[in-house]
Amino acid sequence: MSDYDVDLFVIGGGSGGVRAARIAAQHGARVMLAEEYRLGGTCVIRGCVPKKLLVYASRFRGEFEDAAGYGWTLQHAAFDWPTLIANKDREIARLEAAYKATLERADVAIIKTRATLVDAHTVQLANGDRVRAGYVLIATGGAPSYGDAIPGLEHAISSNEAFHLSELPRRVVIQGGGYIAVEFAGIFAGLGSHVTLVYRGENILRGFDDDVRQHVRMDMEKHGIKVLTGCKVAAIEQAGGHFSVRLSSGNHVAADRVMFAVGRSPNIAGLGLERAHVEVAKNGGIAVDEYSRTSIHNVYAVGDVTNRINLTPVAIREGHAFADTVFGAKPTVVDHTNVPTAVFSDPEIGTVGLTEAQARAQLPQTDIYKAMFKPLKATLSGRDTTVLLKLVVDGMNDQVVGCHVVGEGAAEMAQIAAIAVKMGATKADFDATMALHPTTAEELVTMRQKTASYARAAAE
Ligand SMILES: Cc1cc2nc3c(=O)[nH]c(=O)nc-3n(C[C@H](O)[C@H](O)[C@H](O)COP(=O)(O)OP(=O)(O)OC[C@H]3O[C@@H](n4cnc5c(N)ncnc54)[C@H](O)[C@@H]3O)c2cc1C
């Protein structure tokens, strides 16, 4: 490898790239990493972390409302958006510095520049300099997409800009039905905005369990979020100091901000993939094998740019596995099954494993256990809400293959339930586990009655 300037060149300093760079360096590789924006990538700078901070901020409203039933009288509670954003920015800057320090401690050379491929072993920096590398790791992540061009699209913002608005919009229209759209609907509504969520499909949160989708929509609507499905934004017209959003249904909605969260695309434009003969898969991401190796033997890709499962822990695992495989003499394949996931919406979702629809399509026999009830906290507060807990069980061997929760603490529950599901726990194992009372999660081990049982329909 001494013919090269470095053993590994990592393009992109986000979740996957940073982990891969650090572990490869710890395995003894000479590593250089290029980041064109800010170290930490989407998750730290404009994804998971700042989003969760805004989610926390938005939830105080409900807490303040609930407090009255518990005897509290609150003086006038006021919210200040600039304070929240400034505090959030300070925390993000701290994290960014921590990422930089970690890489420096591992002896990774960091360069703040865009990098592109000239060929499979040559990376070009924005100033024209070239670096020769034994291996190249592409970890450039993804970026918001806006869908079809419509009149006035230039007025729409994405989640990137939503984190930096100078003021809280009084009225927001959000187009999209995925987790980012639904989370921002909850954030803005919780902070006091009037929110209209517009989604072209039949129901929001495609890919999640149908009971979950229905339950979340119902609760969002109870909390004042207007959910319009089966239509889309047709035009955004400027009307004085605000926007008039024309929908495909012909209706107009007034808004101070219009946000599009209609999906994200892998960051591959202008990367020089064709020059290096790196192939792109049908899903728009870089095509890789189970070791994250591309069509070229010394070029690898991890994280959102491969468009497999676009979550931070997955990108981190893929980056780590790559470094162990190539520089640690420990070939490692990442298991992409039973990845738990959450939506920090209002109400929150936590889920792992198969949905009911997936199980019924894949398994000869599917059993469903379901509970829906008013949580204890809502009794005194009087909040009009219910939680949903659902287990999807393989009827042939009693294995719990899916766990879905909607309500407070759902994400935390899903992380723990994921261990059991990953280990192959059966419904009998769940039943044998003592309940922890009084909690919402105890229902996961006390649901005795099947709600439904389905045999797979014979193939036509
Ligand atoms: C609003 C939002 C909320 C999210 N919430 C969650 C969540 O709650 N939980 C979760 O698990 N995931 C969440 N995600 C997804 C998560 O952020 C991504 O899956 C994760 O960041 C992917 O990591 P990555 O390393 O593949 O890419 P990224 O983190 O996107 O990093 C890629 C980096 O490469 C840089 N780059 C791109 N091209 C170049 C180039 N040519 N040269 C140099 N640098 C380049 C970019 O600037 C970027 O810093 C969220 C995403 C968004 C947008």
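Residues 24 or more positions apart make up 64% of the contacts in the protein with a separation of 6 or more, where contact means heavy atoms within 4.5 Å. Before going further, this is a predicted model, in which local features need pLDDT of at least 70, side-chain atom pairs count only at pLDDT 80 or more, and totals for chains, interfaces and linings use all residues. Residues are numbered from 1 along each chain as its sequence is written, and side-chain values use heavy atoms, with hydrogens and water left out.

The protein has 12 helices and 22 strands; these are DSSP runs numbered from the N terminus, with helices being H or I of at least four residues and strands E of at least two. The radius of gyration is 24 Å, close to the 23 Å that the globule rule gives for 460 residues, so the protein is as compact as a globular protein of that length. That radius is taken over C-alpha atoms, and the rule is 2.2 Å times the number of residues to the power 0.38. The C-alpha trace spans about 70 × 65 × 50 Å along its principal axes.

Now the surface. Of the 460 residues, 50% are buried. Buried means under 20% relative accessible area, exposed means over 50%, and partly exposed is in between, with a 1.4 Å probe and protein chains only. The accessible surface comes to about 21,600 Å², and 52% of that belongs to carbon and sulfur atoms; the areas come from the Shrake-Rupley method with a 1.4 Å probe, and for residues only the protein chains shown count as cover.

On charge, there are 47 positive and 51 negative, and their mean positions are 2 Å apart. Lys and Arg count as positive and Asp and Glu as negative, while His and the chain ends are not counted. Each charge is placed at NZ of Lys, CZ of Arg, CG of Asp or CD of Glu.

Next, the backbone. Most residues other than glycine have a negative phi, and most peptide bonds are trans. For Pro438 the partner is His437, with omega about -10°, and Pro438 is in the loop between α12 (427-432) and β22 (452-455).

Two residues to look at for phi are Leu205 and His277. Leu205 is not a glycine, yet has a positive phi of about 60°. Leu205 is in the loop between β9 (194-199) and α7 (210-222) and is buried, with a relative accessible area of 1%. His277 also has a positive phi of about 60° without being a glycine. His277 lies in the loop between β15 (264-266) and β16 (299-301), and is exposed, at 59% relative accessible area.

Now the loop between α8 (312-327) and β17, where Gly328 is found. Gly328 is partly exposed, with a relative accessible area of 26%. Leaving out residues up to four places away in sequence, Gly328 touches His27 and Ala323. Gly328 and Ala29 are 299 residues apart in sequence, but 9.4 Å apart in space, C-alpha to C-alpha. Ala329 lies in that loop between α8 and β17 and is exposed, with a relative accessible area of 72%. Ala329 and His27 are 302 residues apart in sequence and 9.2 Å apart in space, again C-alpha to C-alpha.

Last, the aromatics. Rings of Phe, Tyr and Trp (its six-membered ring) pair if their centres lie within 6.5 Å; planes under 30 degrees apart count as stacked, over 60 as edge-to-face and the rest as tilted. By this rule the count is nine aromatic pairs. Phe60 and Phe64 form a tilted pair, 6.1 Å centre to centre with 35° between the planes. They are four residues apart in helix α3 (residues 48-67), separated by about one helical turn. Phe60 is partly exposed at 46% relative accessible area, and Phe64 is partly exposed at 39%.

The rings of Tyr135 and Phe327 have centres 5.6 Å apart and planes at 75°, so that pair is edge-to-face. Tyr135 lies in strand β6 (residues 130-138) and Phe327 in helix α8, so the pair ties together parts that are 192 residues apart in sequence. Phe327 is buried, with a relative accessible area of 15%. Finally, Trp81, Phe163, Phe184 and Phe188 form one aromatic cluster.
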